[in-house]
Amino acid sequence: DDSVTFTATIAGGSPLAGSNVTFKDGSTVLGSVVLAYGQTTASISTSTLSAGWHSITAAFSGDAINVGSSGLLMQQVLWPFTGFFAPIANLPTLNSVKAGSSISVKFSLGGDRGLAILAAGSPVSLAIDCATGAPLDAGQPTMTAGGSGLQYLDGVYAYVWKTDKTWAGTCRELRVTLVDGSTHTADFQFK
């Protein structure tokens, strides 16, 4: 279930019956709650938010006694990334692979989110210190094996990363950034 619940609390006096709280994502109304006399909280649940950042506003209409007011919340919606699948071992493991080989990068996001899930310029690989994991450069976009791109099949996203033979004796971090704003990494030692 990809739903999220927002709750607004009205501070101050007791609202009169019939006043309401309206929840918006930017200018899009998510829903309104009509309050009973003295009701000081209002909640809505929605599953309509796409991945990424959202400006959520809860606006109290006010009534004959209470002044209307609103509050703003920045909400980030992330897909449920649970880690990379075999053959990649997740951090803190340093994956040992042959330089120049192709590595199948597999992961799930809890369902089909379409193929436009990667942020611009992602994935990238960057040189890291093998002992500390500290970055040694700004990174470079990854190459795919045979020009294949991101694919989705049976609940799993797959991307074949073509490594470089010149990386032998070095370590690199694979950094996958998604359009939801999250970044996921795995480290490799090339032989």
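**Cores and rings**

1. The largest nonpolar core has 22 residues, and those with the most contacts inside it are Phe84, Val105, Phe107, Leu109, Ile117, Trp161 and Phe188. A nonpolar core is here a set of buried Ala, Val, Leu, Ile, Met, Phe, Trp, Tyr and Cys residues joined through side-chain atoms within 4.5 Å. Two or more residues of this core come from each of β9 (102–107), β14 (156–162), β15 (171–177) and β16 (183–190); strands are DSSP runs of E, at least two residues long, numbered from the N terminus.

2. A second, separate core of 14 residues includes Val21, Leu35, Ile56 and Ala58.

3. The model is predicted: local features need pLDDT of at least 70 and side-chain atom pairs pLDDT 80 or more, while totals for chains, interfaces and linings use all residues. Residues are numbered from 1 along each chain as its sequence is written, and side-chain values use heavy atoms, without hydrogens and water.

4. Beyond its neighbours within four places in sequence, Phe107 is in contact (heavy atoms within 4.5 Å) with Phe81, Gly83, Phe84, Phe85, Ile117, Gly155, Val156 and Tyr157. Ring pairs also link Phe107 into a cluster with Phe81, Phe84, Tyr152 and Tyr157.

5. The whole structure holds ten aromatic pairs. Rings of Phe, Tyr and Trp (its six-membered ring) pair if their centres lie within 6.5 Å; planes under 30 degrees apart are stacked, over 60 edge-to-face and the rest tilted. Trp161 and Trp167 form a tilted pair, because their ring centres are 6.0 Å apart and their planes at 45°.

6. Trp161 is buried, at 0% relative accessibility, and Trp167 is buried at 9% (buried: under 20% relative accessible area, 1.4 Å probe, protein chains only). Arg172 lies over the face of Trp167, 4.2 Å from the ring centre; the criterion is CZ of Arg within 6 Å of the ring centre and within 35 degrees of the ring normal.

Note on methods: Buried < 20%, exposed > 50% of the residue type's maximum accessible area, 1.4 Å probe, protein only. Helix = DSSP H or I, 4+ residues; strand = E, 2+ residues; numbered from the N terminus.
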